[in-house]
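Here is a friendly walk through the model shown below. Keep it open beside the text as you read.

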Amino acid sequence: MSLGTFLIMRHELLLIAAALIVLIAEIFWNPDKKSSISLFSIILFGVITIIGFLPSPAGPLFGGMYVSSGTRLLMKNILNIGALIVFIQSVTWLKKEENSEKISEYFLLLISTLVGMNFMISAGHFLIFYIGIELATIPIAALAAYDRYKNKSAEAGIKLILTSALSSGVMLYGLSMIYGTTGTMYFSEVASLFGNTSLQILGFIFFFAGMAFKISIVPFHLWTADVYEGSPVNITSYLSVISKGAAIFILMIILFKVFPIIMGTWQKTIFVTSVLTMTIGNLFAIRQQNLKRFLAFSSISQAGYILLGLIGGNQLGMASVMYYILVYIFSNLGAFGVVTAISNATGKENIDDYNGLYQTNPKLSLIMTLALFSLAGIPPVAGFFGKFFLFTAAAQQGFYLLVLIAVLNTIISLFYYLLVVKAMFISKNENPIGSFRSDFSTRFAFGICVAGIVVTGFASVIFEAIKNLSFGV
Amino acid sequence: MDILSLFVLIPVLTITAILLLKDTRQVRLVSAFGMGLQLLMAAVLVYLYLSARHAGNIDEMLFVKDYLWFKSLNIHYAVGVDGISVAMISLTSLVVFAGIFASWEVEILKKEFFISLILLATGVFGFFISIDLFTMFMFYELAVIPMYLLIGIWGSGPKEYSAMKLTLMLMGGSALLLVGLLGIYFNSSPDKNQLTFNILEISKVVIPLPAQRMFFPLTFVGFGVLGALFPFHTWSPDGHASAPTAVSMLHAGVLMKLGGYGAFRVAIFLMPEAAHELSWIFIILTSISVIYGAFGAIAQKDLKYINAYSSVSHCGLVLFAVLMMNQTAMTGAIIQMISHGLMTALFFGLIGMVYGRTHTRMISEMGGLMKVIPFLSVCYVIAGLASLGLPGLSGFVAEMTIFVGAFQHPELFYRIVTIIIVSSIVITAVYILRVIAILLLGPTTNEHFEHLPDAKWFEKISVITLIGSVAAIGLAPFWLSTMIGTSMHPIIERILALNPF
């Protein structure tokens with residue numbers, strides 16, 4: 001292990017160090033000021049996020065089991081930004097009486113999932129990939145059950161752990177077939193030895209199904225709504241943005257790098273699952289009353305749109321997926337931020353409760369509108385650009401029919417996003433949610449989200465920088 | 001800073017100014033000032049444009065500015081105008097200006113109302129100055145989305161239903177449009193190297209015919225939804241009826257013109273071969289729009305519904321004329337857009353003012369208003385006469401040009417359809433005169449109506465601005481038709497070069 005090795009694994013090592021520091025710091029922390037641990041952790045993590053953007057050497061490690069490259073560093077940085085926003089959004093919630101005993105655990109667990117995701121993204125070997133994906137999942141299940149005295153939260157934790165165990169099983173089964181037919185688990189060697197035999201295709205399908213669980217692609221989405229509803233809001237937002245983003249990143253890398261030979265097969269798979277995911281996610285979202293379930297189904301349909309960037313296997317596609325995830329982080333966390341703020345202040349989570357919100361809390365309503373419009377892809381906010389590039393990427397490879405289905409789906413999604421807008425601006429309410437002022441951390445997180453939603457679209461440098469780091473099949 | 005970008009910048013600055021205002025009473029003054037400035041800018045633009053043409057500048061587009069935006073996709077922020085867009089910009093600034101005064105007495109959420117209204121205007125202005133399909137599409141969607149809040153919050157009747165229906169249908173149109181635009185983009189360069197969204201550059205290549213057949217219908221229908229193409233017109237009556245006055249004015253007056261303008265500038269200009277090949281389908285649909293819209297207007301009892309159906313009919317005429325693809329008819333289509341934009345804004349403005357006094361829009365409940373509110377009534381008659389195409393007002397110029405042009409089409413089918421379409425004039429006369437007779441003439445049926453106040457000063461500004469323009473076009477049409485015709489020339493040449501018929 002030379003210094004260069006450390007630098008290549010900078011993201012992971014720093015995160016592990018941070019997790020340990022938080023754990024040790026808690027022991028020596030003044031018990032009366034427990035809540036300031038969150039401030040300490042956020043500053044620590046913020047520094048790590050900034051360090052992540054510094055230039056760093058790239059290359060393989062451990063005989064190619066671990067690979068670092070500009071693209072993968074970018075993916076990690078995008079995830080770091082998202083996680084930072086989630087951390088800042090959680091401060092208010094962590095201050096609550098019932099959470100004061102387990103603040104450092106919250107950060108420890110979240111940071112370890114992030115370590116897992118980083119390993120997963122940097123994998124050059126299916127073993128590392130699998131370890132990463134497990135490390136990214138299991139702590140999340142503990143976090144989903146964070147409010148362990150609430151039945152729903154405990155239920156969410158159990159559901160998450162069981163489904164992810166099942167999906168891991170399915171995926172491992174597929175990987176074993178791939179190993180059986182190629183005799184190796186290295187990405188580069190599998191890619192060169194992969195053929196088109198039916199066992200290999202079957203192995204791929206099992207692998208894809210396992211990943212589909214993680215990304216909650218239809219028909220493997222059934223756990224999503226329940227888990228999202230039961231978990232604390234911050235965990236839900238983390239699940240819907242960061243976990244999903246990481247899984248999509250690694251799926252993209254594996255499709256492009258390991259399975260280019262069966263591109264025709266996975267294009268068909270993605271076509272079908274993408275159409276199903278968008279349509280079913282959207283149709284179910286229409287019926288939801290609870291905003292967390294609502295956003296859960298909306299995030300399922302968003303995954304369907306993101307698959308459009310994968311299907312072409314082109315450089316533009318990879319760029320648009322990464323760009324869209326970045327935009328999606330800001331927009332979805334903006335929407336979840338509003339839900340969190342209102343849930344913290346009043347405990348209300350239903351769309352009906354939001355009736356007349358604009359009268360009492362105009363700023364929150366405007367942020368929510370902005371975030372929802374960005375999710376729906378309405379100009380001039382960033383979501384419009386993100387969707388446009390995703391669709392362009394699919395159209396570049398001639399998938400016009402898929403693009404047509406996707407844009408029609410955005411109309412359905414616009415319908416239910418407008419239902420929330422309607423509730424806030426148009427519907428009358430006898431006793432709307434009272435006017436309240438959020439604390440500094442919440443407002444700070446909103447500031448980041450709004451700036452991200454507005455700036456990411458117009459500032460073409462961001463997209464160009466991402467494009468330069470992407471690659472095609 | 002180029003002059004065209006100012007047309008986007010001024011509304012944006014106005015919105016910012018409104019946001020910073022503490023006192024809500026000043027909101028309308030600031031809006032009126034901003035949009036008055038915009039009107040002045042439009043006049044300056046017309047002047048600059050005409051003097052540039054007189055100086056012998058024969059470029060297709062003038063005042064072109066081009067900034068590279070997204071390098072890897074070759075997306076530009078590119079603006080430029082020809083006579084057609086200058087005319088449309090002038091129309092927009094007139095209607096917006098009148099719209100601000102027509103909504104002088106908005107009661108709730110003043111600030112938000114004017115912000116949404118001006119945001120809508122921003123989208124429309126941006127659309128007309130764009131020559132890059134990406135920015136054009138962006139501004140198009142930007143113009144549609146404020147409608148939801150404008151109708152949903154400040155509307156009347158089943159406003160939530162209408163707002164949702166309108167937004168979803170128009171966004172559905174833009175969904176089709178997006179696919180069409182992507183198709184154009186990926187066929188904009190024969191060797192696939194320098195793909196571009198720039199309309200002028202795409203017009204230099206010929207998009208392969210199979211691609212045209214696929215993407216022309218998408219693009220045309222996409223714009224057609226906004227242009228009230230049958231059977232996608234159903235958002236229009238509900239939307240207009242529920243919308244507040246200024247929004248109906250702006251929407252029927254300007255926003256629906258985006259459809260006609262886009263169908264002509266993007267769908268037909270860039271894909272003329274498919275347009276020629278498939279025009280018969282759309283000719284049939286637009287004819288249904290024209291005739292059905294007119295008959296629909298006869299059957300209605302609500303003033304706004306009458307005018308909404310009449311808009312369907314008149315906008316159908318625009319799309320019909322555009323599809324004829326010859327110089328006269330297409331020039332007529334543009335004049336019709338301007339003329340209809342002005343007079344329908346006038347109509348909706350007047351209906352709003354009448355409704356504000358009588359609190360009903362049912363014609364059966366009103367009567368004899370001429371004696372009570374003579375100013376508004378006379379203006380209503382003028383608007384009606386313009387709408388049914390009386391010589392001396394703008395409607396006549398537009399319809400005459402269209403019918404003359406359409407009949408020049410060499411094929412029998414098109415001539416027969418033209419004759420059928422001409423009959424819509426008669427139907428128009430029926431519903432216009434019927435309304436005038438019941439509403440304005442005769443005895444005053446309701447004693448509550450006997451002491452209604454006539455127009456206030458801000459209403460007069462709004463109405464006189466529009467009537468002045470309608471009469472100006474009617475009396476001196478050559479200013480307009482020459483400006484449009486000159487710019488139409490290169491477009492027709494390209495169409496004819498690809499479609500010798």
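A residue is called buried here if 20 or more other C-beta atoms lie within 10 Å of its own, exposed if there are 12 or fewer, and partly exposed in between. By that count, buried residues make up 61% of the 501 residues in chain B. In chain A, 59% of the 473 residues count as buried. Please bear in mind that this is a predicted model.

**Confidence**

For the complex it gives an ipTM of 0.89 and a pTM of 0.92. The mean pLDDT of chain A is 88, with 100% of its residues at 70 or more. Chain B averages 85, and 99% of its residues score at least 70.

Within chain A, helix α1 (residues 3–8) has the lowest mean pLDDT of the elements, 78, while α17(A) has the highest, 91. In chain B the lowest confidence falls in helix α15 (residues 369–372), at a mean of 76, and the highest in helix α5 (residues 133–144), at 90.

**The two chains**

The secondary structure of chain A amounts to 20 helices and two strands. Its radius of gyration is 21 Å, close to the 23 Å that the globule rule gives for 473 residues, so chain A is as compact as a globular protein of that length. Chain B, for its part, has 21 helices and two strands. With a radius of gyration of 22 Å, close to the 23 Å from the globule rule for 501 residues, chain B is likewise as compact as a globular protein of that length.

In chain A, among contacts between residues at least 6 apart in sequence, 80% join residues at least 24 apart. In chain B, residues 24 or more positions apart account for 80% of the contacts with a separation of 6 or more.

**Domains of chain A**

How is chain A divided by the domain assignment? The assignment gives domain 1 (1–157 + 224–249) and domain 2 (259–473). The centres of these two domains of chain A, taken over C-alpha atoms, are separated by 22 Å. Where the domains meet, the contact takes 27 residues from domain 1 of chain A and 35 residues from domain 2 of chain A.

On the domain 1 side, α4 (70–94), α10 (222–230) and α11 (233–257) of chain A each supply at least two residues. Of the elements on that side, α4(A) gives the most, with 14 residues. By class, this side of domain 1 has 14 nonpolar, eleven polar and two charged residues.

**Where the chains meet**

Now to the contact between the chains: 25 residues of chain A are in contact with 25 residues of chain B. On the chain A side, the elements giving two or more residues are α17 (382–396), α18 (400–425) and α20 (460–469) of chain A. Which of them gives the most to this side? That is α18(A), with twelve residues. The residues on the chain A side divide into 18 nonpolar, four polar and three charged.

**A closer look at chain B**

Is α17(B) mostly covered or mostly open? It is mostly covered, as eleven of its 14 residues are buried. Among the buried residues are S394(B), F396(B), E399(B), I402(B) and A406(B).

For contrast in setting, turn to T445(B), which sits in the loop between α19 (424–440) and α20 (457–475) of chain B. T445(B) counts as partly exposed because it has 14 C-beta neighbours inside 10 Å. Leaving aside residues up to four places away in sequence, T445(B) touches G367(B) and G368(B). T445(B) and G367(B) are 78 residues apart in sequence, but 5.6 Å apart in space, C-alpha to C-alpha.

Methods: Residues numbered from 1 in each chain as written. Chains lettered and ligands numbered in written order. Predicted model: local features only at pLDDT ≥ 70, side-chain atom pairs only at ≥ 80, totals over all residues. Helix = DSSP H or I, 4+ residues; strand = E, 2+ residues; numbered from the N terminus. Rg over C-alpha atoms; globule rule 2.2 N^0.38 Å. Contact = placed C-beta atoms within 7 Å. Nonpolar A, V, L, I, M, F, W, Y, C, P; charged D, E, K, R; others polar. Domains from an automatic or database assignment. pLDDT = per-residue confidence, 0-100.
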